[in-house]
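Hi everyone, thanks for coming. Let me put the structure up, and then we'll walk around its surface together.

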Amino acid sequence: MTGNGTKGWGAYCVEDKTMVFLKEQWRVNAPGAHPEVETYKRLHRHDVRNVATAIAGGDVLGPHGYQTTLSQRIFDKEGVEVPERIQTRLVLREFGRPLETYEGPKELINVTTHALIGTIQYSPIMPLLIPI
């Protein structure tokens with residue numbers, strides 16, 4: 001594996017009896033890199049609006065430590081630099097909906113505008129989220 005291998009599913013939360021979004025990916029194992037759930041927590045601590053609510057997440061532990069890739073070892077032998085990756089998961093309270101369920105372009109533009117507001121509000125605090 002040389003990419004993030006991102007996958008997402010709808011999942012049922014037995015605790016809340018609600019649908020949630022479960023995301024799985026392989027993040028780079030490097031100094032300063034962290035599970036995506038940490039980014040969501042920081043955004044919420046800084047009161048960034050219109051950001052999904054992370055209810056669980058983190059790096060996946062296997063029987064011998066964190067679940068990591070092995071493919072970089074093969075590439076290293078060929079002289080190609082590919083970083084090791086760690087499997088990580090994220091559970092979001094908000095669960096999206098299919099595009100065809102929107103009433104029309106106006107509703108879809110409204111939702112997109114809310115996402116942009118969160119992005120714009122996030123921009124000034126970005127240096128606080130990314131360690132130097």
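Let's start in helix α1 (residues 36-45), where Glu38 and Lys41 sit 3 residues apart, so about one helical turn separates them. Helices, by the way, are DSSP runs of H or I with at least four residues, strands are runs of E with at least two, and both are numbered from the N terminus.

Before I go on, a word on what you're looking at: this is a predicted model, where local features need pLDDT of at least 70 and side-chain atom pairs count only at pLDDT 80 or more, while totals for chains, interfaces and linings use all residues. Residues are numbered from 1 along each chain as its sequence is written, and side-chain values use heavy atoms, with hydrogens and water left out.

Okay, back to our pair. The side chains of Glu38 and Lys41 meet in a salt bridge, at 3.8 Å from N to O. For that label, a side-chain nitrogen of Lys or Arg has to be within 4 Å of a carboxyl oxygen of Asp or Glu. The general idea is that side chains of opposite charge can pair when their charged atoms come close. Glu38 counts as partly exposed, because its relative accessible area is 29%, and Lys41 is partly exposed too, at 41%. Here buried means under 20% relative accessible area, exposed means over 50%, and partly exposed is in between, using a 1.4 Å probe and protein chains only.

How many salt bridges does a search of the whole structure find? It finds 7. One of them joins Asp16 and Arg93, at 3.1 Å from N to O. That pair links distant parts of the chain: Asp16 is in the loop between β1 (7-13) and β2, Arg93 is in the loop between β6 (85-92) and α3, and they are 77 residues apart. Asp16 is partly exposed at 34% relative accessibility, and Arg93 is partly exposed at 40%.

Then there's Glu107 with Arg97, whose closest N and O atoms are 3.0 Å apart in a salt bridge. Glu107 lies in helix α3 and Arg97 in the loop between β6 and α3, so this pair ties together parts 10 residues apart in sequence. Salt bridges that share partners also join Lys7, Glu24 and Arg89 into one network.

Now the pockets. A pocket is found on a 1 Å grid over the protein atoms alone: it's an open set of points where a 1.4 Å probe fits, with protein on both sides within 12 Å along at least five of seven lines, and lining residues have an atom within 4 Å of a point. The largest pocket holds about 240 Å³ of space, where a volume is the space filled by probe spheres set on the points.

Last stop: strand β2 (residues 18-28), which is where you'll find Met19. Met19 counts as partly exposed, because its relative accessibility is 42%. Thanks, that's my tour!
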